[in-house]
Amino acid sequence: MASKSHQAEAQQLYPQPSRVELLTAQTEPNQKPRWGKLLLLVALATTFGGAVSTGYCIGVINAPSKLMKVWCNQTLHENYGSNLSVSGLDLLWSCIVSVFLVGGAIGSLGGAGAANKFGRKACFLICGALFTVGAVLFFFCRAANSVEMLVIGRFIVGLASGLVTATLPMYLSEVAPQALRGTLGVFCAVGVTGGVVVGQVCSLADVFGTEELWHYALTAYMGLILVCYLPSYLFPESPKFLYIVKGNRAAAKRELQRLRGKDAEDLIAQEIAEMEAEANAKVQTSSFCDVLRDPRLTLPLIIVCCFHGGQQLSGINAIFYYSVSIFEKAGLSTENAQWANLGAGCLNLCISLLGPLLMAYCNRRTLMMFSCALCSVFLFTIAFVLFYIDYVSWFAIACIVCIMGYIFFYQFGLGPIPYFIGSELFEVAPRSVAMSMGSLASWTCNFIIGISFPLLQNAWGAFVFLPFSITCVLLCLLTKFYLPETHGRDPSEVAPLVSKGFRSKVK
(Lines give C-alpha, C1' and ligand atoms only; values in the text may rest on other atoms or scores of the structure.)
Protein backbone atom coordinates (compact mmCIF):
# COMPACT_ATOMS: atom_id res chain seq x y z
CA MET A 1 0.00 0.00 0.00
CA ALA A 2 1.09 3.53 -0.65
CA SER A 3 2.18 5.82 2.14
CA LYS A 4 -0.15 8.28 3.84
CA SER A 5 1.39 11.13 1.87
CA HIS A 6 0.43 9.42 -1.37
CA GLN A 7 -3.09 8.91 -0.09
CA ALA A 8 -3.32 12.58 0.86
CA GLU A 9 -2.06 13.51 -2.61
CA ALA A 10 -4.72 11.32 -4.21
CA GLN A 11 -7.39 12.89 -2.06
CA GLN A 12 -6.21 16.37 -3.02
CA LEU A 13 -6.19 15.55 -6.73
CA TYR A 14 -9.55 13.78 -6.52
CA PRO A 15 -11.70 15.09 -3.67
CA GLN A 16 -13.66 12.13 -2.38
CA PRO A 17 -17.44 12.44 -2.24
CA SER A 18 -19.22 11.44 0.90
CA ARG A 19 -20.80 8.00 1.17
CA VAL A 20 -24.25 9.45 0.48
CA GLU A 21 -23.00 11.37 -2.56
CA LEU A 22 -21.24 8.29 -3.88
CA LEU A 23 -24.34 6.10 -3.58
CA THR A 24 -26.45 8.81 -5.20
CA ALA A 25 -24.03 9.10 -8.11
CA GLN A 26 -24.09 5.36 -8.62
CA THR A 27 -27.87 5.25 -8.90
CA GLU A 28 -28.48 8.36 -11.01
CA PRO A 29 -30.65 7.44 -13.98
CA ASN A 30 -28.61 9.53 -16.43
CA GLN A 31 -25.49 7.43 -15.87
CA LYS A 32 -25.33 5.27 -18.98
CA PRO A 33 -22.88 2.46 -19.75
CA ARG A 34 -19.77 3.77 -21.48
CA TRP A 35 -18.33 1.47 -24.14
CA GLY A 36 -14.95 2.78 -25.24
CA LYS A 37 -12.99 1.32 -28.15
CA LEU A 38 -10.27 -0.03 -25.86
CA LEU A 39 -12.79 -1.64 -23.48
CA LEU A 40 -14.57 -3.29 -26.42
CA LEU A 41 -11.24 -4.55 -27.81
CA VAL A 42 -10.24 -6.03 -24.45
CA ALA A 43 -13.64 -7.67 -23.94
CA LEU A 44 -13.72 -9.32 -27.37
CA ALA A 45 -10.04 -10.28 -27.62
CA THR A 46 -9.83 -11.83 -24.15
CA THR A 47 -13.14 -13.65 -24.62
CA PHE A 48 -12.23 -15.14 -27.99
CA GLY A 49 -8.58 -15.73 -27.11
CA GLY A 50 -9.11 -17.12 -23.61
CA ALA A 51 -12.68 -18.25 -22.95
CA VAL A 52 -13.48 -19.58 -26.43
CA SER A 53 -10.18 -21.49 -26.49
CA THR A 54 -11.09 -23.03 -23.12
CA GLY A 55 -14.48 -24.17 -24.35
CA TYR A 56 -12.91 -25.43 -27.58
CA CYS A 57 -10.56 -27.74 -25.69
CA ILE A 58 -13.56 -29.09 -23.75
CA GLY A 59 -15.75 -29.77 -26.78
CA VAL A 60 -13.26 -30.96 -29.40
CA ILE A 61 -12.22 -34.23 -27.76
CA ASN A 62 -15.53 -36.14 -27.88
CA ALA A 63 -16.32 -36.76 -31.58
CA PRO A 64 -12.91 -38.15 -32.69
CA SER A 65 -12.47 -40.27 -29.55
CA LYS A 66 -12.77 -43.63 -31.34
CA LEU A 67 -10.17 -42.64 -33.94
CA MET A 68 -7.82 -41.35 -31.25
CA LYS A 69 -8.18 -44.55 -29.23
CA VAL A 70 -7.14 -46.61 -32.25
CA TRP A 71 -4.12 -44.36 -32.80
CA CYS A 72 -3.14 -44.60 -29.13
CA ASN A 73 -3.30 -48.40 -29.24
CA GLN A 74 -1.25 -48.60 -32.45
CA THR A 75 1.33 -46.13 -31.16
CA LEU A 76 1.81 -47.97 -27.88
CA HIS A 77 2.21 -51.24 -29.79
CA GLU A 78 4.84 -49.73 -32.10
CA ASN A 79 6.74 -48.03 -29.30
CA TYR A 80 6.50 -50.60 -26.54
CA GLY A 81 5.18 -53.78 -28.19
CA SER A 82 2.08 -53.86 -26.00
CA ASN A 83 -1.58 -54.25 -26.93
CA LEU A 84 -4.10 -52.77 -24.54
CA SER A 85 -7.29 -54.59 -23.70
CA VAL A 86 -10.62 -52.86 -24.18
CA SER A 87 -10.75 -51.94 -20.48
CA GLY A 88 -7.10 -50.81 -20.56
CA LEU A 89 -7.76 -48.60 -23.59
CA ASP A 90 -10.83 -47.12 -21.90
CA LEU A 91 -8.71 -46.40 -18.81
CA LEU A 92 -6.06 -44.67 -20.95
CA TRP A 93 -8.72 -42.60 -22.67
CA SER A 94 -10.23 -41.63 -19.31
CA CYS A 95 -6.78 -40.40 -18.28
CA ILE A 96 -6.42 -38.35 -21.49
CA VAL A 97 -9.82 -36.74 -20.90
CA SER A 98 -9.43 -36.31 -17.14
CA VAL A 99 -5.88 -34.89 -17.17
CA PHE A 100 -7.37 -31.77 -18.75
CA LEU A 101 -9.65 -31.38 -15.71
CA VAL A 102 -6.73 -32.00 -13.33
CA GLY A 103 -4.78 -29.27 -15.11
CA GLY A 104 -7.81 -26.99 -14.84
CA ALA A 105 -8.02 -27.52 -11.08
CA ILE A 106 -4.30 -26.80 -10.63
CA GLY A 107 -4.44 -23.77 -12.92
CA SER A 108 -7.39 -22.29 -11.07
CA LEU A 109 -5.72 -22.90 -7.71
CA GLY A 110 -2.64 -21.00 -8.89
CA GLY A 111 -4.78 -18.20 -10.30
CA ALA A 112 -4.95 -16.25 -7.04
CA GLY A 113 -1.20 -16.04 -6.57
CA ALA A 114 -0.55 -15.31 -10.23
CA ALA A 115 -3.22 -12.58 -10.41
CA ASN A 116 -1.84 -10.73 -7.39
CA LYS A 117 1.83 -11.23 -8.20
CA PHE A 118 1.92 -10.65 -11.96
CA GLY A 119 -1.35 -8.81 -12.58
CA ARG A 120 -4.59 -9.62 -14.37
CA LYS A 121 -3.28 -8.77 -17.83
CA ALA A 122 -0.12 -10.83 -17.32
CA CYS A 123 -2.26 -13.86 -16.42
CA PHE A 124 -4.04 -13.54 -19.75
CA LEU A 125 -0.66 -13.51 -21.52
CA ILE A 126 0.48 -16.57 -19.55
CA CYS A 127 -2.69 -18.37 -20.68
CA GLY A 128 -1.81 -17.61 -24.29
CA ALA A 129 1.68 -19.05 -23.87
CA LEU A 130 0.29 -22.24 -22.30
CA PHE A 131 -2.34 -22.64 -25.03
CA THR A 132 0.39 -22.25 -27.65
CA VAL A 133 2.62 -24.91 -26.07
CA GLY A 134 -0.36 -27.27 -25.91
CA ALA A 135 -1.21 -26.68 -29.57
CA VAL A 136 2.37 -27.43 -30.63
CA LEU A 137 2.29 -30.72 -28.72
CA PHE A 138 -1.06 -31.66 -30.27
CA PHE A 139 0.10 -30.89 -33.79
CA PHE A 140 3.33 -32.89 -33.61
CA CYS A 141 2.18 -35.82 -31.45
CA ARG A 142 1.25 -37.87 -34.53
CA ALA A 143 4.48 -37.12 -36.37
CA ALA A 144 6.45 -37.98 -33.23
CA ASN A 145 4.32 -41.09 -32.61
CA SER A 146 3.96 -40.03 -28.97
CA VAL A 147 0.94 -40.59 -26.78
CA GLU A 148 2.91 -38.85 -24.03
CA MET A 149 2.87 -35.58 -26.01
CA LEU A 150 -0.91 -35.83 -26.29
CA VAL A 151 -1.31 -36.35 -22.53
CA ILE A 152 1.10 -33.53 -21.65
CA GLY A 153 -0.62 -31.23 -24.14
CA ARG A 154 -4.01 -31.91 -22.56
CA PHE A 155 -2.58 -31.17 -19.13
CA ILE A 156 -1.03 -27.89 -20.28
CA VAL A 157 -4.18 -26.58 -21.97
CA GLY A 158 -6.00 -27.62 -18.78
CA LEU A 159 -3.66 -25.38 -16.79
CA ALA A 160 -4.38 -22.52 -19.20
CA SER A 161 -8.13 -23.12 -19.02
CA GLY A 162 -8.14 -23.15 -15.22
CA LEU A 163 -6.21 -19.90 -15.17
CA VAL A 164 -8.68 -18.38 -17.63
CA THR A 165 -11.76 -19.24 -15.58
CA ALA A 166 -10.10 -17.98 -12.38
CA THR A 167 -8.78 -14.66 -13.66
CA LEU A 168 -10.60 -13.55 -16.83
CA PRO A 169 -14.00 -12.66 -15.24
CA MET A 170 -12.09 -10.76 -12.55
CA TYR A 171 -10.03 -8.86 -15.15
CA LEU A 172 -13.08 -7.90 -17.23
CA SER A 173 -15.12 -6.77 -14.22
CA GLU A 174 -12.24 -4.61 -12.97
CA VAL A 175 -11.63 -2.79 -16.27
CA ALA A 176 -15.37 -2.15 -16.76
CA PRO A 177 -17.30 0.81 -15.34
CA GLN A 178 -19.79 -0.20 -12.68
CA ALA A 179 -22.77 -0.09 -15.06
CA LEU A 180 -21.11 -2.72 -17.27
CA ARG A 181 -19.48 -5.01 -14.70
CA GLY A 182 -22.19 -7.63 -14.83
CA THR A 183 -22.31 -7.47 -18.62
CA LEU A 184 -18.57 -7.99 -19.05
CA GLY A 185 -18.45 -10.51 -16.22
CA VAL A 186 -20.66 -12.87 -18.24
CA PHE A 187 -18.46 -12.70 -21.35
CA CYS A 188 -16.30 -15.55 -20.04
CA ALA A 189 -19.31 -17.85 -19.65
CA VAL A 190 -20.54 -16.99 -23.15
CA GLY A 191 -17.06 -17.58 -24.57
CA VAL A 192 -16.67 -21.01 -22.96
CA THR A 193 -20.12 -22.02 -24.21
CA GLY A 194 -19.33 -20.82 -27.73
CA GLY A 195 -15.98 -22.56 -27.68
CA VAL A 196 -17.62 -25.90 -26.89
CA VAL A 197 -19.84 -25.56 -29.97
CA VAL A 198 -16.93 -24.51 -32.19
CA GLY A 199 -14.96 -27.52 -30.93
CA GLN A 200 -17.89 -29.83 -31.69
CA VAL A 201 -18.13 -28.45 -35.23
CA CYS A 202 -14.39 -28.67 -35.95
CA SER A 203 -14.30 -32.28 -34.76
CA LEU A 204 -17.08 -33.44 -37.08
CA ALA A 205 -16.09 -36.02 -39.70
CA ASP A 206 -16.90 -33.49 -42.44
CA VAL A 207 -14.35 -31.03 -41.02
CA PHE A 208 -11.28 -32.34 -39.12
CA GLY A 209 -12.71 -35.40 -37.38
CA THR A 210 -11.03 -37.99 -39.59
CA GLU A 211 -8.27 -40.52 -39.05
CA GLU A 212 -5.73 -38.29 -40.84
CA LEU A 213 -6.84 -34.89 -39.54
CA TRP A 214 -7.93 -35.26 -35.90
CA HIS A 215 -4.72 -33.63 -34.68
CA TYR A 216 -5.66 -30.57 -36.76
CA ALA A 217 -8.96 -30.47 -34.87
CA LEU A 218 -7.09 -30.37 -31.54
CA THR A 219 -4.86 -27.56 -32.81
CA ALA A 220 -7.30 -25.35 -34.74
CA TYR A 221 -7.93 -22.97 -31.83
CA MET A 222 -4.46 -21.51 -32.47
CA GLY A 223 -6.04 -19.31 -35.12
CA LEU A 224 -7.96 -17.54 -32.36
CA ILE A 225 -4.86 -17.29 -30.18
CA LEU A 226 -2.83 -15.64 -32.95
CA VAL A 227 -5.53 -13.11 -33.86
CA CYS A 228 -6.61 -12.21 -30.33
CA TYR A 229 -3.16 -11.93 -28.76
CA LEU A 230 -1.64 -9.70 -31.47
CA PRO A 231 -3.13 -6.48 -29.99
CA SER A 232 -2.40 -7.55 -26.40
CA TYR A 233 0.30 -4.87 -26.07
CA LEU A 234 -2.56 -2.34 -26.12
CA PHE A 235 -4.48 -3.96 -23.27
CA PRO A 236 -4.59 -2.03 -19.98
CA GLU A 237 -3.79 -3.53 -16.63
CA SER A 238 -6.65 -3.56 -14.15
CA PRO A 239 -6.79 -0.09 -12.53
CA LYS A 240 -8.04 -1.64 -9.29
CA PHE A 241 -5.11 -4.04 -9.20
CA LEU A 242 -2.67 -1.18 -9.74
CA TYR A 243 -4.30 1.11 -7.21
CA ILE A 244 -5.22 -1.26 -4.37
CA VAL A 245 -2.82 -4.21 -4.67
CA LYS A 246 0.27 -2.42 -6.03
CA GLY A 247 -0.44 1.03 -4.61
CA ASN A 248 0.50 2.67 -7.93
CA ARG A 249 -1.98 5.56 -8.09
CA ALA A 250 -0.46 7.26 -11.12
CA ALA A 251 -0.52 4.10 -13.24
CA ALA A 252 -4.11 3.39 -12.20
CA LYS A 253 -5.14 6.89 -13.27
CA ARG A 254 -3.41 6.51 -16.64
CA GLU A 255 -5.20 3.21 -17.32
CA LEU A 256 -8.55 4.71 -16.32
CA GLN A 257 -7.99 7.60 -18.72
CA ARG A 258 -7.24 5.15 -21.52
CA LEU A 259 -10.36 3.11 -20.72
CA ARG A 260 -12.86 5.89 -20.03
CA GLY A 261 -11.43 8.68 -22.18
CA LYS A 262 -9.72 11.84 -20.99
CA ASP A 263 -13.00 13.74 -21.20
CA ALA A 264 -14.55 11.55 -18.47
CA GLU A 265 -12.84 13.27 -15.56
CA ASP A 266 -15.90 13.10 -13.30
CA LEU A 267 -16.27 9.36 -13.82
CA ILE A 268 -12.53 8.81 -13.30
CA ALA A 269 -12.60 10.90 -10.11
CA GLN A 270 -15.53 8.87 -8.80
CA GLU A 271 -13.74 5.55 -9.53
CA ILE A 272 -10.55 6.84 -7.89
CA ALA A 273 -12.58 7.78 -4.82
CA GLU A 274 -14.16 4.32 -4.71
CA MET A 275 -10.75 2.64 -4.97
CA GLU A 276 -9.31 4.89 -2.28
CA ALA A 277 -12.18 4.00 0.04
CA GLU A 278 -11.64 0.31 -0.67
CA ALA A 279 -7.87 0.63 -0.15
CA ASN A 280 -8.51 2.12 3.27
CA ALA A 281 -11.15 -0.46 4.22
CA LYS A 282 -10.55 -3.04 6.90
CA VAL A 283 -10.71 -6.04 4.55
CA GLN A 284 -7.23 -6.16 3.06
CA THR A 285 -6.51 -9.88 3.32
CA SER A 286 -5.18 -11.32 0.09
CA SER A 287 -3.46 -14.63 0.86
CA PHE A 288 -5.23 -17.99 0.91
CA CYS A 289 -4.74 -18.49 4.64
CA ASP A 290 -5.89 -14.97 5.52
CA VAL A 291 -9.04 -15.28 3.40
CA LEU A 292 -9.93 -18.71 4.76
CA ARG A 293 -9.41 -17.55 8.37
CA ASP A 294 -11.34 -14.28 8.05
CA PRO A 295 -14.90 -14.91 9.40
CA ARG A 296 -16.22 -11.93 7.43
CA LEU A 297 -15.37 -13.74 4.19
CA THR A 298 -16.70 -17.18 5.10
CA LEU A 299 -20.24 -16.81 3.74
CA PRO A 300 -19.33 -15.12 0.43
CA LEU A 301 -16.61 -17.73 -0.10
CA ILE A 302 -19.14 -20.52 0.51
CA ILE A 303 -21.56 -18.88 -1.93
CA VAL A 304 -18.91 -18.59 -4.65
CA CYS A 305 -17.71 -22.19 -4.24
CA CYS A 306 -21.28 -23.55 -4.04
CA PHE A 307 -22.30 -21.64 -7.16
CA HIS A 308 -19.27 -22.87 -9.12
CA GLY A 309 -19.48 -26.45 -7.87
CA GLY A 310 -23.27 -26.52 -8.09
CA GLN A 311 -23.11 -25.33 -11.67
CA GLN A 312 -21.29 -28.58 -12.53
CA LEU A 313 -23.32 -30.77 -10.13
CA SER A 314 -26.52 -29.47 -11.74
CA GLY A 315 -25.78 -31.92 -14.54
CA ILE A 316 -24.95 -29.69 -17.51
CA ASN A 317 -21.73 -31.50 -18.39
CA ALA A 318 -23.32 -34.92 -17.79
CA ILE A 319 -25.94 -33.91 -20.36
CA PHE A 320 -23.30 -32.86 -22.89
CA TYR A 321 -20.79 -35.65 -22.18
CA TYR A 322 -23.44 -38.34 -22.64
CA SER A 323 -26.24 -36.61 -24.55
CA VAL A 324 -25.67 -38.77 -27.62
CA SER A 325 -26.43 -41.95 -25.64
CA ILE A 326 -29.39 -40.21 -23.96
CA PHE A 327 -30.81 -39.19 -27.36
CA GLU A 328 -30.26 -42.73 -28.65
CA LYS A 329 -32.19 -44.07 -25.66
CA ALA A 330 -34.92 -41.61 -26.58
CA GLY A 331 -35.23 -43.37 -29.94
CA LEU A 332 -32.94 -41.41 -32.30
CA SER A 333 -30.46 -43.09 -34.62
CA THR A 334 -26.75 -42.62 -33.90
CA GLU A 335 -26.36 -40.05 -36.68
CA ASN A 336 -29.48 -38.13 -35.67
CA ALA A 337 -28.40 -38.28 -32.03
CA GLN A 338 -25.08 -36.63 -32.96
CA TRP A 339 -26.91 -33.87 -34.81
CA ALA A 340 -29.30 -33.45 -31.87
CA ASN A 341 -26.27 -33.13 -29.60
CA LEU A 342 -24.89 -30.36 -31.83
CA GLY A 343 -28.33 -28.73 -31.82
CA ALA A 344 -28.34 -28.77 -28.02
CA GLY A 345 -24.92 -27.11 -28.03
CA CYS A 346 -26.14 -24.44 -30.47
CA LEU A 347 -29.21 -23.79 -28.30
CA ASN A 348 -26.93 -23.44 -25.29
CA LEU A 349 -24.82 -20.89 -27.18
CA CYS A 350 -27.76 -18.89 -28.54
CA ILE A 351 -29.36 -18.48 -25.12
CA SER A 352 -25.99 -17.63 -23.55
CA LEU A 353 -25.75 -14.67 -25.95
CA LEU A 354 -28.64 -13.12 -24.03
CA GLY A 355 -26.45 -13.17 -20.91
CA PRO A 356 -24.88 -9.70 -21.28
CA LEU A 357 -28.34 -8.16 -21.81
CA LEU A 358 -29.86 -10.01 -18.86
CA MET A 359 -27.00 -9.09 -16.54
CA ALA A 360 -27.24 -5.43 -17.52
CA TYR A 361 -30.91 -5.08 -16.59
CA CYS A 362 -31.96 -7.97 -14.31
CA ASN A 363 -31.31 -8.74 -10.65
CA ARG A 364 -28.95 -11.63 -9.91
CA ARG A 365 -31.12 -13.15 -7.18
CA THR A 366 -34.20 -13.28 -9.41
CA LEU A 367 -32.36 -14.82 -12.34
CA MET A 368 -30.55 -17.40 -10.22
CA MET A 369 -33.67 -18.57 -8.35
CA PHE A 370 -35.72 -18.65 -11.56
CA SER A 371 -33.04 -20.67 -13.38
CA CYS A 372 -32.45 -23.12 -10.51
CA ALA A 373 -36.14 -23.75 -9.92
CA LEU A 374 -36.97 -24.51 -13.54
CA CYS A 375 -33.82 -26.56 -14.11
CA SER A 376 -34.76 -28.66 -11.08
CA VAL A 377 -38.22 -29.31 -12.55
CA PHE A 378 -36.82 -30.30 -15.95
CA LEU A 379 -34.19 -32.62 -14.44
CA PHE A 380 -36.80 -34.36 -12.32
CA THR A 381 -38.99 -34.72 -15.41
CA ILE A 382 -36.07 -36.16 -17.42
CA ALA A 383 -35.60 -38.85 -14.75
CA PHE A 384 -39.33 -39.64 -14.71
CA VAL A 385 -39.65 -39.75 -18.50
CA LEU A 386 -36.53 -41.89 -19.01
CA PHE A 387 -37.75 -44.38 -16.40
CA TYR A 388 -41.07 -44.90 -18.22
CA ILE A 389 -39.84 -44.26 -21.78
CA ASP A 390 -40.45 -47.86 -22.88
CA TYR A 391 -44.09 -47.74 -21.74
CA VAL A 392 -45.33 -44.48 -23.26
CA SER A 393 -44.67 -43.82 -26.95
CA TRP A 394 -44.56 -40.01 -26.80
CA PHE A 395 -42.13 -39.97 -23.84
CA ALA A 396 -39.23 -40.12 -26.34
CA ILE A 397 -40.19 -36.69 -27.68
CA ALA A 398 -40.88 -35.47 -24.14
CA CYS A 399 -37.35 -36.48 -23.11
CA ILE A 400 -35.80 -34.43 -25.92
CA VAL A 401 -38.05 -31.46 -25.07
CA CYS A 402 -37.05 -31.65 -21.39
CA ILE A 403 -33.34 -31.75 -22.24
CA MET A 404 -33.73 -28.68 -24.47
CA GLY A 405 -35.81 -26.95 -21.79
CA TYR A 406 -33.17 -27.62 -19.15
CA ILE A 407 -30.44 -26.20 -21.41
CA PHE A 408 -32.61 -23.17 -22.20
CA PHE A 409 -33.23 -22.15 -18.59
CA TYR A 410 -29.73 -23.12 -17.44
CA GLN A 411 -28.32 -20.13 -19.32
CA PHE A 412 -30.59 -17.67 -17.51
CA GLY A 413 -28.67 -17.94 -14.25
CA LEU A 414 -26.91 -21.22 -13.47
CA GLY A 415 -24.67 -20.86 -16.49
CA PRO A 416 -23.41 -17.25 -16.39
CA ILE A 417 -23.77 -16.00 -12.79
CA PRO A 418 -21.23 -18.29 -11.03
CA TYR A 419 -18.47 -17.04 -13.34
CA PHE A 420 -18.58 -13.45 -12.08
CA ILE A 421 -20.48 -13.45 -8.78
CA GLY A 422 -17.18 -13.52 -6.85
CA SER A 423 -16.14 -10.21 -8.39
CA GLU A 424 -19.38 -8.63 -7.09
CA LEU A 425 -19.27 -10.16 -3.59
CA PHE A 426 -15.58 -9.56 -2.82
CA GLU A 427 -13.50 -6.43 -2.69
CA VAL A 428 -10.25 -6.35 -4.66
CA ALA A 429 -7.80 -7.63 -2.03
CA PRO A 430 -9.44 -11.04 -1.35
CA ARG A 431 -11.12 -11.27 -4.77
CA SER A 432 -8.41 -13.26 -6.55
CA VAL A 433 -8.46 -15.94 -3.83
CA ALA A 434 -12.26 -16.17 -3.99
CA MET A 435 -12.29 -16.46 -7.78
CA SER A 436 -9.54 -19.04 -7.64
CA MET A 437 -11.36 -21.13 -5.02
CA GLY A 438 -14.58 -20.95 -7.03
CA SER A 439 -12.81 -22.04 -10.20
CA LEU A 440 -11.16 -24.89 -8.28
CA ALA A 441 -14.59 -26.04 -7.05
CA SER A 442 -15.89 -25.95 -10.62
CA TRP A 443 -13.06 -28.02 -12.10
CA THR A 444 -13.14 -30.49 -9.22
CA CYS A 445 -16.88 -31.10 -9.52
CA ASN A 446 -16.51 -31.34 -13.31
CA PHE A 447 -13.93 -34.08 -12.76
CA ILE A 448 -16.21 -35.88 -10.29
CA ILE A 449 -19.11 -35.83 -12.78
CA GLY A 450 -16.95 -37.05 -15.65
CA ILE A 451 -15.63 -39.98 -13.62
CA SER A 452 -18.73 -40.99 -11.64
CA PHE A 453 -21.65 -40.38 -14.01
CA PRO A 454 -21.20 -43.55 -16.14
CA LEU A 455 -20.94 -45.69 -13.00
CA LEU A 456 -23.97 -44.07 -11.39
CA GLN A 457 -25.93 -44.30 -14.63
CA ASN A 458 -25.31 -48.05 -14.75
CA ALA A 459 -26.27 -48.43 -11.10
CA TRP A 460 -29.25 -46.06 -10.86
CA GLY A 461 -30.52 -45.85 -14.43
CA ALA A 462 -32.85 -42.90 -15.02
CA PHE A 463 -32.71 -41.88 -11.35
CA VAL A 464 -29.14 -40.61 -11.89
CA PHE A 465 -30.70 -37.23 -12.71
CA LEU A 466 -32.40 -36.86 -9.32
CA PRO A 467 -29.23 -35.68 -7.48
CA PHE A 468 -28.84 -32.98 -10.14
CA SER A 469 -32.40 -31.85 -9.49
CA ILE A 470 -31.76 -31.76 -5.72
CA THR A 471 -28.59 -29.70 -6.30
CA CYS A 472 -30.64 -27.08 -8.16
CA VAL A 473 -33.14 -26.91 -5.29
CA LEU A 474 -30.34 -26.39 -2.76
CA LEU A 475 -28.79 -23.64 -4.90
CA CYS A 476 -32.16 -21.93 -5.14
CA LEU A 477 -32.49 -21.97 -1.33
CA LEU A 478 -28.92 -20.71 -0.86
CA THR A 479 -29.67 -17.84 -3.21
CA LYS A 480 -32.96 -16.97 -1.52
CA PHE A 481 -31.61 -16.83 2.02
CA TYR A 482 -27.96 -15.79 1.70
CA LEU A 483 -27.16 -14.07 -1.62
CA PRO A 484 -27.52 -10.29 -1.43
CA GLU A 485 -28.56 -8.47 -4.56
CA THR A 486 -25.36 -7.26 -6.26
CA HIS A 487 -26.79 -5.67 -9.40
CA GLY A 488 -25.81 -2.00 -9.58
CA ARG A 489 -23.86 -2.13 -6.33
CA ASP A 490 -20.17 -1.70 -5.64
CA PRO A 491 -18.55 -4.63 -3.79
CA SER A 492 -17.80 -2.28 -0.89
CA GLU A 493 -21.58 -1.99 -0.35
CA VAL A 494 -22.24 -5.72 -0.73
CA ALA A 495 -19.41 -7.08 1.46
CA PRO A 496 -20.85 -5.83 4.80
CA LEU A 497 -24.16 -7.57 4.04
CA VAL A 498 -22.54 -11.01 4.19
CA SER A 499 -19.84 -10.28 6.78
CA LYS A 500 -21.70 -11.98 9.65
CA GLY A 501 -21.73 -15.43 8.10
CA PHE A 502 -25.00 -17.35 8.21
CA ARG A 503 -26.39 -14.75 10.64
CA SER A 504 -26.27 -12.16 7.86
CA LYS A 505 -29.46 -10.43 6.77
CA VAL A 506 -28.97 -10.05 3.05
CA LYS A 507 -32.24 -8.38 2.07
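Residues are numbered from 1 along each chain as its sequence is written. In this predicted model local features need pLDDT of at least 70, side-chain atom pairs count only at pLDDT 80 or more, totals for chains, interfaces and linings use all residues, and side-chain values use heavy atoms, with hydrogens and water left out.

**Exercise 1.** Find the two domains and describe the contact that joins them.

*Solution.* Start with the bounds, which come from an automatic or database domain assignment: domain 1 covers 38–235 and domain 2 covers 289–506. Next, take the centres over C-alpha atoms, which lie 22 Å apart. Then count the residues in contact (heavy atoms within 4.5 Å), where domain 1 supplies 39 residues and domain 2 supplies 40. Last, consider the buried area, that is, the accessible area (1.4 Å probe) that two parts lose on being put together, summed over both; here the value is about 3,100 Å², and carbon and sulfur atoms give 68% of that area.

**Exercise 2.** Determine how many salt bridges cross the interface of domain 1 and domain 2, and which element of domain 1 gives the most residues to the side that touches domain 2.

*Solution.* A salt bridge requires a side-chain nitrogen of Lys or Arg within 4 Å of a carboxyl oxygen of Asp or Glu, and by this rule two are found across the interface. Turning to the elements, in which helices are DSSP runs (H or I, at least four residues) numbered from the N terminus, those giving two or more residues to this side of domain 1 include α5 (86–109), α8 (147–175) and α10 (187–202). Of the elements, α10 gives the most, with ten residues.
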